[in-house]
Amino acid sequence: MSLSDVSRALAQPVRYRVLARYLSRIGLVIILLRLIPILVSGINGEWLFTIHQLLALAVLSAICLPLARLRPPEDIKRNEVMVISALSFVLAAALEAIPFVGAGLSGIDAFFEAVSGVTTTGLSTMTGLQEHSTGVLFARSWMQWYGGLGVVAFSVALLFLDRGIASRRLAMGEINDSRDFLGNAHSHSINLLIIYCALTLFAIGVLLIAGASPLSAVTHALSGVSTGGFSIYDSSLAAIDAWPVQFLMMLCGVAGAVSLPFYYRLSRTGIKELSCNPEVLALPVISITIIGLLFLCLDSSSADVLSRLKIAVIMGLSAQTTTGFANADVASLDDTAKLSLIFSMLVGGSIGSTAGGIKILRFLIVLRLLQFFIERTALPAHAVLERELGDDKLESDEIERVLLLILIFIGTVLCSWLPFLMAGYDPMDALFEVVSACSTTGLSTGITGRGLEPWLKAVLIADMLLGRVEFIAFLVFLYPRTWIKIRS
């Protein structure tokens, strides 16, 4: 029997009962979370928007309540976790689109806005934001906030299945039997929720003290900690005159781009955790490098040194953390500056954070492999050189996963870039837009808008979803053997 025959014989499709139960449970959580924006819009007398939100929750409740009573399984398989991860973002976006249709958006624009929200991307087709109601603006930021919570929960859950260097760095306390996936995920999710809420409340308090209005402080804190980037202003942070407030809002994104389990471990082990966490140490190094490159690229004749530095700091941190806040027009930057931001968005933030991109840890693994191959050239052929990152050994299967994910990421960017080139868009601007969607950043050169062709909006929607669940989950979703037993 060949290896492919063995694989076909052992492959187990997903159990529909398991998918129905856990997707319905996620739906019930979304119902509870959606009560907050309904309350806000109701208090502000926005009855039409409130009714559309209630309608969406009524439909979801009718579907989820019966399915949530299904008997829980004794275990859950890897492909089931990935399918649930992929479907949860799609279904949440479909639900969130309903109120935005009621707010005046077309069907495709409403779904685009919802996908951008739940995936914490921040690309938007909405204009005249200051003219929209408080309830609509709050709902956009709240959507990103709970989407960010889902991102972290699913990323930690998926990494528990791999049991590699990433899962060891994401552990918060003792991990039970590695086969007890549900128990481990549940205990870690509670800790993540506490940390996420604490960061959010702290960010809101700091922004209020700094002088931001209550609506601005709350919405930008929600969008910042989730590294989502939705703003209540068309020009994002550029509409805020006080640069210290801009900087504090950007620091909310920096806090969200750090692995949430890092905060837990920092509270337990103290400053020692910094010295043994290469991701956290690399984030400021890469950010400062990008900020320096941007500063040098900005036109010195059009702005003074301080103004250029302010732009470089906000834009550099925004790209690196994949937050998407902006205090400058991306389209006005030269190609070198755009390439710097593209590289920064590709790398992204930390694993276990709300940030997108390939993640800093994977970038460090690639750099360590390059160093390993260079070092091998100076050693005897029989010499043994361990592949390590810090104190952690790099296993072959983990290296394969990292390289495969990066390859798929780059392949997706290139495939998504071609339709924009065919439509006649500027190559650099089109590449920037696609990378921004795939890395769930949200910075835009101006291509994204209501006037963008619907089929190109569909490309960006697919990019945002693929980038959010890190591609592999959607590939598993599309794989035939995930759904049916194929016999030889």
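## Salt bridges

A salt bridge here is a side-chain nitrogen of Lys or Arg within 4 Å of a carboxyl oxygen of Asp or Glu. By that criterion E80 and K77 are paired, with an N to O distance of 3.2 Å. The model is a predicted one, and a search of the whole structure gives seven salt bridges.

Both partners of the E80 and K77 pair are buried: E80 has a relative accessible area of 0%, and K77 has 16% relative accessibility. The two residues also belong to a network of salt bridges that includes R15.

## A link between helices α2 and α4

R34 and E96 form another salt bridge, and their closest N and O atoms are 3.3 Å apart. R34 is in helix α2 (residues 16-43) and E96 is in helix α4 (residues 78-102), so this contact ties together parts that are 62 residues apart in sequence. R34 is buried at 4% relative accessibility, and E96 is buried at 2%.

## A pair within helix α17

R401 and D397 are joined by a salt bridge with 3.7 Å between the closest N and O atoms. Both residues are in helix α17 (residues 396-422), four residues apart, or about one turn of the helix. An α-helix has 3.6 residues a turn, so residues three or four places apart point the same way. R401 is partly exposed, with a relative accessible area of 31%, and D397 is partly exposed at 41%.

Helix α5 (residues 107-118) has twelve residues, which should span 16 Å at 1.5 Å a residue; the end C-alpha atoms are 17 Å apart, in agreement. Nine of the twelve residues are buried, so α5 is largely enclosed by the rest of the structure. Among the buried residues are D109, F112, E113 and V118. Just after α5, T120 has a positive phi of about 55°.

Helix α10 (residues 243-257) contains 15 residues and reaches 21 Å from its first C-alpha to its last, close to the expected 21 Å. Its buried residues include V245, Q246, M249, M250 and C252.

## Surface patches

A nonpolar surface patch consists of L55, V59, I63 and L67, which together have about 330 Å² of accessible area. L55 lies in helix α3 (residues 47-67) and counts as partly exposed at 46% relative accessibility.

Conventions. Residues are numbered from 1 along each chain as its sequence is written. This is a predicted model: local features need pLDDT of at least 70, side-chain atom pairs count only at pLDDT 80 or more; totals for chains, interfaces and linings use all residues. Side-chain values use heavy atoms; hydrogens and water are left out. Helices (H or I, at least four residues) and strands (E, at least two) are DSSP runs, numbered from the N terminus. The expected span of a helix is 1.5 Å times one less than its number of residues. Buried means under 20% relative accessible area, exposed over 50%, partly exposed in between (1.4 Å probe, protein chains only). Patches are made of residues with over 30% relative accessible area and no salt bridge: like charges are joined within 9 Å, nonpolar side chains (Val, Leu, Ile, Met, Phe, Trp, Tyr) within 5 Å. Accessible areas come from the Shrake-Rupley method with a 1.4 Å probe; for residues, only the protein chains shown count as cover.
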